[in-house]
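Me: Hey, can you walk me through this one? I'd like to start with the overall layout and then look at some details.
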Amino acid sequence: MIRVLLADDHLLIRDALVLLLDTEPGIEVVADVGRGDEAVERALALEPDVAVLDLDMPGLDGLAAAERLARDLPGCRVVIVTAHGRPGNLRRAMSAGVRGFLGKDAPGARLAQVIRQVAGGARYIDPQLAADALAAEECPLTPRELDALRAAADGAPVARIARALGLSEGTVRNYLSAAVTKLGVDNRHAAVRAARDLGWL
């Protein structure tokens, strides 16, 4: 029996996935939650074989939750299910240790197939997303520029970003300015939007 934890902040989708997987032989849903931090907490308590995580959730997003699970519960394999199948998200998922990545537009039976594959030690990447990732341009931003943009995403002032990152305000301004220049936009807010649209944040 493959023990599965489901995490999606949309209750309707989560309930539908539970019902779908309950009809699959050899798969048991041991928990379903609506937040990424809850997913990590429940996974550590229940030690499922596979965690199926939505990419965008409150608390922790799916990638941050996947990173925590890879570190704290390496026997739990992670599948990301998302409506945001951008190539940059796929790259970030792979570096976070995710074993499966598929869009929410995939047929329902495919999720059960993917769960079985990753539980058996294989990987599954949606073929179209994989092709798009290979064709996509590389992110020109440095890790620190990306950190500064992430911290600026909610409109925080430079002083708060500097405190959060442990940097001087001047260094933060330099990182944000470099990101704006590299992305060819007018300001840091547009840089955040552009980097998100490309899947780099």
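Me: In what order do the six strands sit in the open sheet?
Reply: Keep in mind that this is a predicted model. The order is S2-S1-S3-S4-S5-S6, and the pairing is parallel.

Me: Ok, and which strands stand at the edges?
Reply: Those are S2 (27–33) and S6 (124–125). Each has a single partner strand, so one side of each has no neighbour in the sheet.

Me: What packs on the sheet, touching S1 and S2?
Reply: That's helix H1, and its direction makes about 165° with that of S2. Helix H2, residues 36–46, lies across S1, S2 and S3. H2 runs at about 135° to S2.

Me: Switching to the strands again, how many bridges join S3 to S4?
Reply: Five, between residues 50–54 of S3 and residues 77–82 of S4. As one example, Val 52 has Val 79 in S4 as its bridge partner.

Me: Now a single residue. Where is Arg 14 found?
Reply: Arg 14 is in helix H1, which covers residues 11–22.

Me: Is Arg 14 buried or exposed?
Reply: Buried, because its relative accessibility is 11% and the cut-off for buried is under 20%.

Me: So what does the side chain of Arg 14 reach?
Reply: It gets to the backbone oxygen of Val 33, at 3.4 Å.

Me: And which residues does Arg 14 touch, leaving out those up to four places away in sequence?
Reply: Leu 6, Asp 8, Asp 9, Asp 32, Val 33 and Gly 34.

Definitions and conventions
Residues are numbered from 1 along each chain as its sequence is written. This is a predicted model: local features need pLDDT of at least 70, side-chain atom pairs count only at pLDDT 80 or more; totals for chains, interfaces and linings use all residues. Side-chain values use heavy atoms; hydrogens and water are left out. Helices (H or I, at least four residues) and strands (E, at least two) are DSSP runs, numbered from the N terminus. Buried means under 20% relative accessible area, exposed over 50%, partly exposed in between (1.4 Å probe, protein chains only). A polar contact is a pair of N or O atoms within 3.5 Å; within protein, one must be able to donate a hydrogen and the other to accept it, and residues adjacent in sequence count only if both atoms are side-chain atoms. Contact means heavy atoms within 4.5 Å. Two strands pair if DSSP finds at least two bridges between them. Axes are lines fitted to C-alpha atoms, for helices over the stretch in contact, and angles run from 0 to 180 degrees between N-to-C directions.
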